[in-house]
Amino acid sequence: MSRTLIEQNPDLRFADIDVRQLAHRAGRTPFFAYDRSAIDARIRKLRAMLPSGMHLHYSIKANPMPAVVHYLATRVDGFDVASAAEMALALNAGTAPTEIGFAGPGKSRDDLRRAVASGINIHAESATQLRLLTALGWELGVQPNVAIRVNPDFHVGHSGMRMGGGAAPFGVDVDQMPALLRELETREIALAGFHVFWGSQCLHAPTVIQAQRQSAELIAQLSDGLRTLPRFVNLGGGFGIPYFPGEAPLDLEAVCEAMHEWLPPLHEKLPGTKAILELGRYLVGEAGIYVCRVIDHKVSAGRTFLITDGGLHHHLAASGNFGQVLRRNFPVVLGNRPDDAPRQRCHVVGCLCTPLDRLADDVELPEAHIGDFVVVSQSGAYGRSASPIHFLSHPEPVEMLV
Ligand SMILES: *Cc1c(COP(=O)(O)O)cnc(C)c1O
C-alpha cells in the first residue's frame, strides 16, 4: 500500500494489501480495517517481555468491535469492561466471569444487578456502589465479587490523560480507604481485588515505571491488616502509542525490566494474588487504519483542499477532538499512490459542514485525484466508538477485521 505505512509499523500486514482490494471487501468507503497479525504480533512481543506472573487484560472500550473482542479472547487473560453492554460482549466471547473486571464511576442499579448476577468482578468506586452491591447480593442470593478502585494519592507527570492523583470522580481516595475496608468487613464481603488506574497514553517509560511501582506499594500498604488477601490487583496500564510527528514509541523493554524488579516483592507480600496489567490502545491502536475517499478537490485562496467522504463523525480523534487547542495531524498517506509520485501541500478535510472537520492540515502528499484513498493510520483504538457517529446523519463507517 505504502512504504510510509510499513515504516510506521512493520507488523502491519495491510501495507502489502492493495487499498482498492480492501475497499472492495468493505463494500464502500469510509471504513476501518483492523489487522489480526499486527494485534497478534503486539501481544506476542509483550508476552515475551512481561514477567511470568503478570496477567494481561484488554480494555474493551479502546475497540469494542465484536470480532476484535472475540479474537483477543484467546490471546489475553481477561477483559476490563466499562458498561453492561461491554460486559455482555466479554461474556459472549467465552471469557470466565472471574476474568472480567467492571470499572466506571456511574454504574446504574441495573448495570450492577446484571454484573452481580453474572459473577464478574465489580470495581466499586464509592461507598454508595459498595452498599448497592451488598443489597443486590442479598436480593439475588449470591456473594458479589467486589473489588475497590483506588484513586491513587500520587501524581504522574507526562501522562497523556491523568485519571488519578487529586480530586477525581474515579475510585475512592486513599484516605477514605480504611473506613471503606472496615465497612466491607462488617458487611461480610470478601474483597476480590484492588484496582489502581493512574493514567493513559503515556510514552515516557520512567513515568510508567514510577506509577507502576507506586501503585504496587500503595496496594501492599492497603492490604496490611486485611483478613483475607485480595484475589487480584489491577495495576492499570497507561502504555501509549505514538500518534504525532516527533513522538517516539514507549520503551517497552525498560518498563518490563522494571516490572521484573517490583513484581516479586509484591508477590511476596501478597502470595497467591494475581497481578494484572490492563491495556487498551497499546494492543490495538497501531493495528487499525481508517480509509476514506477523495470526493472533491479544490483550490481556495491558493490552498488545495482534498474533500473526503469521511470525517470527524467517524474519527473524532484524528480531527482533533472538537477543536483541541493544539491540533496535530495523525499520520496520513494516499493508499493508492506511490510515495515517490510528485507531491503537493494540501489540507484533507471531511464532509461535514464545520471547519473543525479536518483530517490533516497542511500536509505534503502525492498529488491527489478524485477517487483516491486517504489512509489514516494509528486508528485501531478510540475510533468509531469514540466518535459522534450521528452528527449530520451521514452513513456509519464499515468495520472489518482482516
Ligand atoms: C480507558 C481505560 C483503560 C484503557 O486505556 P488505554 O489508554 O486504552 O490503554 C484502562 N483502564 C481503565 C480503568 C480505563 O478507564
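Colleague: Before we look at any loop, how do you decide what counts as a helix or a strand?

Modeller: Helices here are DSSP runs of H or I with at least four residues, strands are E runs of at least two, and both are numbered from the N terminus. Keep in mind that this is a predicted model.

Colleague: What kind of peptide bond joins Thr 29 and Pro 30?

Modeller: A cis one, with omega at about -10°.

Colleague: Okay, on to Asp 40. Where is Asp 40 found, and is it buried or exposed?

Modeller: Look in helix 3, which covers residues 36-49. The cut-off for buried is under 20% relative accessible area. Asp 40 comes in at 15%, so it counts as buried.

Colleague: Which residues is Asp 40 in contact with, leaving aside its neighbours within four places in sequence?

Modeller: Tyr 71 and Arg 75.

Colleague: Let's zoom out. Which domains does the domain assignment give?

Modeller: Domain 1 spans 64-279 and domain 2 spans 285-401. Taken over C-alpha atoms, their centres are 35 Å apart.

Colleague: How many residues of each domain are in contact with the other, and what area do the two bury between them?

Modeller: There are 11 residues of domain 1 touching 11 of domain 2. Together the domains bury about 980 Å², and 67% of that is on carbon and sulfur atoms. On the domain 1 side, Met 65, Tyr 243 and Phe 244 supply 56% of the area buried against domain 2, more than any other three residues.

Colleague: Last topic, backbone angles. What is the phi of Ala 301, and where does Ala 301 lie?

Modeller: Phi is positive, about 45°, although Ala 301 is not a glycine. You'll find Ala 301 in the loop between strand 13 (288-300) and strand 14 (303-308). Exposed means over 50% relative accessible area; Ala 301 has 80%, so it is exposed.

Colleague: And what value does phi of Tyr 382 take?

Modeller: Near 50°, again a positive value in a residue other than glycine. Tyr 382 belongs to the loop between strand 18 (373-376) and strand 19 (398-401).

Key: Residues numbered from 1 in each chain as written. Predicted model: local features only at pLDDT ≥ 70, side-chain atom pairs only at ≥ 80, totals over all residues. Heavy atoms only, no water. Buried < 20%, exposed > 50% of the residue type's maximum accessible area, 1.4 Å probe, protein only. Contact = heavy atoms within 4.5 Å. Domains from an automatic or database assignment. Buried area = accessible area lost by both parts, 1.4 Å probe.
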